[in-house]
Amino acid sequence: AKKTLSPQFNESINYNKLRPEELGSSVLQVSIWDNAKLGHNSFLGEVRIDLSAVDFSNTSPRTLNLQEAGSSPLLLDEDEEETEEEKRELEARMQRMKEERLRQEQEEVQRRKEQEQQEKEREERERQLEEERKAREVEECQRLEQEQAERQRLKEAEEREREEELRQQREEEQRQKELELQEKKEAAEKQRLEQEEEEKRTKQLEEDKHRQLQQQQEEEDMRLQEEEHRRKQEEEDSVQREEEKRQKELDEDIRQRQLEEERHQKQLEEEEEKRLAAEEEKKRL
């Protein structure tokens, strides 16, 4: 019966192994308990009926009041006088009932101890599962870090390959320019030889102009090379700063996770200490 202060059980109990001739020397004990989900069950009362005084031919309902544990058996026929022998038998039955009740209480204590032990084992299993989960999380973090480092290594290798290709391309362009310049020089030299007598002064002026242009071209090429080198250096510095920033963020994230795990572990230990202290206090009580 749940959620009521006036429970009605309406149960029929059959004793198949009890012979009719044994009824005159038996006492029926009925106890009522409050079933507590947390903690210990509470004893509400009991009724003990001397079956030797029961009129089994009368099937009308009877109302009996609950009594405290250890009270005298309830006799349905109060006018009947008991003999000394019946009193001794009744006292012996009461003693057996007390022993039986003591045995039941001991079994109940043993059952509660077993439940507490099972609860401790369950908590230990949960703690082990939590530790395994944390270990898996740490392994997953390490795996992610390794994958990120591998991706970074591949990215750096690709950047080096691109830089090598650009360098080779610039060298090829420089060689092409040199070939073109050489061809121009050869053509100018041939023209100079053909017109040496007639245009000596003009040729000299052209050569001076050509050398000046060549110097300017070389200076321009050198300036472009310096700008390219400076730009490349700035890109490398930017990539390095970005990598250092990502590494710092990763280290900070790992440190925060470690702090969170330490706080969680400390909280679990404090809860475990409180629970053990509460159990110790219950045992002392």
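The following exercises, with worked solutions, concern a predicted model of a protein.

**Exercise 1.** State how many helices and strands the protein contains, and give the order of its elements.

*Solution.* Step 1: the protein has 2 helices and 2 strands. Step 2: read from the N terminus, the order of the elements is β-β-α-α.

**Exercise 2.** Determine whether E46 and R48 are buried or exposed, and state how their side chains interact.

*Solution.* Step 1: a residue is buried when its relative accessible area is under 20%. Step 2: E46 has a relative accessibility of 3% and therefore counts as buried. Step 3: R48 has a relative accessible area of 5%, so R48 is buried. Step 4: the two side chains, E46 and R48, form a salt bridge with an N to O distance of 3.7 Å.

**Exercise 3.** Describe the salt bridge between E164 and R167 and the place of these residues in the helix.

*Solution.* Step 1: the closest N and O atoms of E164 and R167 are 2.2 Å apart. Step 2: both residues belong to helix α1 (residues 84-194), and because E164 and R167 are 3 residues apart, about one helical turn separates them. Step 3: E164 is partly exposed, at 32% relative accessibility, and R167 is partly exposed, at 34%.

**Exercise 4.** Identify the residues that gather with E273 in a surface patch, and classify the exposure of E273.

*Solution.* Step 1: E269, E270, E271 and E273 gather in a patch of negative charge on the surface. Step 2: E273 lies in helix α2 (residues 200-284). Step 3: the relative accessibility of E273 is 54%, so E273 counts as exposed.

Key: Residues are numbered from 1 along each chain as its sequence is written. This is a predicted model: local features need pLDDT of at least 70, side-chain atom pairs count only at pLDDT 80 or more; totals for chains, interfaces and linings use all residues. Side-chain values use heavy atoms; hydrogens and water are left out. Patches are made of residues with over 30% relative accessible area and no salt bridge: like charges are joined within 9 Å, nonpolar side chains (Val, Leu, Ile, Met, Phe, Trp, Tyr) within 5 Å. Accessible areas come from the Shrake-Rupley method with a 1.4 Å probe; for residues, only the protein chains shown count as cover. A salt bridge is a side-chain nitrogen of Lys or Arg within 4 Å of a carboxyl oxygen of Asp or Glu. Lys and Arg count as positive and Asp and Glu as negative; His and the chain ends are not counted. The place of a charge is taken as NZ of Lys, CZ of Arg, CG of Asp or CD of Glu. Helices (H or I, at least four residues) and strands (E, at least two) are DSSP runs, numbered from the N terminus. Buried means under 20% relative accessible area, exposed over 50%, partly exposed in between (1.4 Å probe, protein chains only).
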